[in-house]
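Here is a short tour for a first look. Keep the sequence and the structure side by side as you read.

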Amino acid sequence: MSPVPTGRDGDGGRRVRMGVLGCADIALRRMLPAIAAAESAELVAVASRDAAKAQRAAARFGCAGVKGYRTLLERDDIDAVYVPLPPALHFEQVAEALLAGKHVLCEKPLCTTHAEAAELMELARRHRRILAENFMFLHHSQHAGVRSLVESGAIGGLEVLSGSFGVPPLDPTGFRYAPSLGGGALLDVGVYPLRTAQMYLSGEPEVLAATLRVDDATGVDVAGTALLCAPDGVAAQLEFGFRHSYRSRYALWGGAGRISVERAYTPPEVLKPVVRLQQQDRLTELAMPADDQVRNALAAFTAAVLAGGDGPVGEAESLLQARLVEDVRKVARIVGG
């Protein structure tokens with residue numbers, strides 16, 4: 001097993017000493033506050049290629065600011081790193097972190113290709129370090145509640161899953177509109193309904209058809225759809241994009257009813273999300289408990305590190321996810337716009 005972190009909290013408990021590679025928006029808004037507040041983690045340093053940016057972020061969260069990712073990785077007071085960089089930079093930086101002996105929590109998607117994802121998994125196993133892909137929505141308790149409803153037979157046998165994640169146009173100067181940085185709607189928002197299909201479909205789904213709308217100016221996909229089918233015939237109809245009114249939902253349609261999850265992917269931690277169960281002539285609205293999926297995702301990662309874990313977490317799911325993304329691209333009908 002890999003060495004257990006030596007950081008201590010005020011009560012003498014072990015804590016994972018963490019660094020952050022980059023000052024991405026998601027890190028500043030969500031993960032850095034979570035690390036700073038966590039009982040199981042200690043925020044040691046944040047790095048940026050821009051020293052001033054690193055210092056500004058560090059001042060906000062009471063940690064060290066470091067110029068350069070390699071400089072942070074060379075520190076011996078850091079056990080693990082969080083990587084919120086653009087997708088095309090994940091492979092190189094995660095590999096360097098693993099080679100430097102750090103555990104890694106990497107923002108989704110882990111990589112832009114299946115081959116790179118598989119190589120990182122093998123590297124984590126060889127160096128006996130935790131590697132986890134950060135799909136935070138998976139750690140919200142509402143999904144466990146939905147799975148319990150399905151397993152109890154509330155909707156009968158599942159026939160069709162539908163999932164949608166769309167957001168209004170984003171900052172046109174950001175990485176999401178840069179092909180060289182792994183931009184595009186499929187890797188940014190499309191991966192959520194694809195991951196949802198894994199949650200409820202049995203076996204390994206096959207991508208039967210897809211569409212990708214590619215922006216003429218930037219060359220990145222800004223919208224898309226996909227049709228998947230599981231080995232038992234259950235289908236998944238998925239939609240995603242950057243040019244939509246906001247929608248973040250999935251639904252499960254079975255022989256005896258339908259479950260709708262309306263705030264599926266980014267519910268605020270204070271929200272009690274409503275899950276709707278429709279059965280024949282009856283509609284039941286279930287208020288699920290408020291939950292903090294960011295805190296939970298971090299807690300799951302630090303728990304794996306503190307337990308002495310020595311390899312990738314969720315490897316099969318992450319590799320299937322990477323394959324599904326590639327398969328969507330392979331079969332997609334490309335349209336301009």
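## The largest pocket

The residues that line the largest pocket divide into 25 nonpolar, 7 polar and 11 charged. Here Ala, Val, Leu, Ile, Met, Phe, Trp, Tyr, Cys and Pro count as nonpolar, Asp, Glu, Lys and Arg as charged, and the others, Gly among them, as polar. The model is predicted: local features need pLDDT of at least 70, side-chain atom pairs count only at pLDDT 80 or more, and totals for chains, interfaces and linings use all residues. Residues are numbered from 1 along each chain as its sequence is written, and side-chain values use heavy atoms, with hydrogens and water left out.

The pocket holds about 1100 Å³ of space. Of its 43 lining residues, Asp25, Ile26, Arg29, Phe175 and Arg176 are closest to the centre. A pocket is an open set of points on a 1 Å grid over the protein atoms alone, where a 1.4 Å probe fits, with protein on both sides within 12 Å along at least five of seven lines; lining residues have an atom within 4 Å of a point. A volume is the space filled by probe spheres set on the points, which are joined across faces, edges and corners. Helix H1 (25-37) and helix H7 (185-200) each supply at least two residues of the lining of the largest pocket. Helices (H or I, at least four residues) and strands (E, at least two) are DSSP runs, numbered from the N terminus.

## The second largest pocket

The second largest pocket has a volume of about 280 Å³. Its lining has 16 residues, and Ala132, Glu133, His139, Val313 and Gly314 lie nearest its centre. Strand S7 (131-134), helix H8 (293-306) and helix H9 (315-331) each give two or more residues. H8 gives the most, with 4.

## Nonpolar cores

The largest nonpolar core has 49 residues; Leu194, Leu228 and Tyr250 are among those with the most contacts inside it. H7 gives the most to this core, with 10 residues. Such a core is a set of buried Ala, Val, Leu, Ile, Met, Phe, Trp, Tyr and Cys residues joined through side-chain atoms within 4.5 Å. A second, separate core of 31 residues includes Val20, Cys23, Ala80 and Ala297.

## Ala264

Ala264 sits in the loop between strand S13 (258-261) and strand S14 (274-279). Ala264 counts as buried because its relative accessibility is 0%; buried means under 20% relative accessible area (1.4 Å probe, protein chains only). Not counting residues up to four places away in sequence, Ala264 touches Phe137, Gln142, His143, Ser248, Arg249 and Tyr250, where contact means heavy atoms within 4.5 Å.

Methods
Buried means under 20% relative accessible area, exposed over 50%, partly exposed in between (1.4 Å probe, protein chains only).
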